[in-house]
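Colleague: I'm new to this one. Could you walk me through how to read it?

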Amino acid sequence: MSRARVLVALTVYNGRDVVPRALASLTRLEGARADVDVLVLDDCSPDPEFSADLVGWCAEFGHHLYRSPRNLGIPRNVNLGLLAAMEHGYDYVVIS
């Protein structure tokens, strides 16, 4: 039986106090039945330092990152996560 592929899509807008811990926590996700990938969806956070740090954190933890060119809100970010899961053949997607 092949392992399920799961995409965890983490939507962010700022969040310096919580995002690094969330990324570290997602790194520890393991499953006997699933391969888990993390996609961070930054909805054009206005703080350039946060966005630069987010690039570094994602690289450090091995997560994928997409930064929207302009802020369009949570529904769009969620839809981007769902679209990425469909386009890349994931079996499941978790939106967080």
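This is a predicted model: local features need pLDDT of at least 70, side-chain atom pairs count only at pLDDT 80 or more; totals for chains, interfaces and linings use all residues.

Colleague: How many disulfides does a search of the whole structure find?

Modeller: A disulfide is a pair of cysteine sulfur atoms within 2.5 Å. The search turns up 0 of them. For Cys58, the closest cysteine sulfur sits 15 Å away in Cys44, so that is too far for a bond.

Colleague: And where does Cys44 lie?

Modeller: Look in the loop between S2 and H2. At 18% relative accessibility, Cys44 counts as buried. Its backbone is worth a glance too. Most residues other than glycine have a negative phi. Cys44, though not a glycine, has a positive phi near 60°.

Colleague: Which elements should I picture around that loop?

Modeller: Helices (H or I, at least four residues) and strands (E, at least two) are DSSP runs, numbered from the N terminus. Here you get 3 helices and 4 strands, in the order β-α-β-α-β-α-β along the sequence. For overall size, the radius of gyration is taken over C-alpha atoms, and the globule rule is 2.2 Å times the number of residues to the power 0.38. The protein comes out at 13 Å, close to the 12 Å that the rule gives for 96 residues, so it is as compact as a globular protein of that length.

Colleague: Which residues form the largest nonpolar core?

Modeller: A nonpolar core is a set of buried Ala, Val, Leu, Ile, Met, Phe, Trp, Tyr and Cys residues joined through side-chain atoms within 4.5 Å. The largest one has 12 residues: Val8, Leu10, Val12, Val19, Leu23, Leu26, Val38, Val40, Phe50, Leu54, Trp57 and Cys58. H2 gives the largest share, 4 residues. Another core, of 7 residues, lies apart from it and includes Leu7, Ala9, Ala84 and Ala85.

Colleague: What does Ser45 touch?

Modeller: Contact means heavy atoms within 4.5 Å. Leaving out residues up to four places away in sequence, Ser45 touches Val12, Tyr13, Asn14, Phe50, Ser51 and Arg67. Ser45 lies in the loop between S2 and H2 and is buried, at a relative accessible area of 1%.

Colleague: What does the side chain of Ser45 reach at 2.7 Å?

Modeller: A polar contact is a pair of N or O atoms within 3.5 Å; within protein, one must be able to donate a hydrogen and the other to accept it, and residues adjacent in sequence count only if both atoms are side-chain atoms. In this case the side chain of Ser45 reaches the backbone nitrogen of Asn14 at 2.7 Å. Asn14 is in the loop between S1 and H1, and has a positive phi of about 60° although it is not a glycine. At 26% relative accessibility, Asn14 counts as partly exposed.

Terms used:
Residues are numbered from 1 along each chain as its sequence is written. Side-chain values use heavy atoms; hydrogens and water are left out. Buried means under 20% relative accessible area, exposed over 50%, partly exposed in between (1.4 Å probe, protein chains only).
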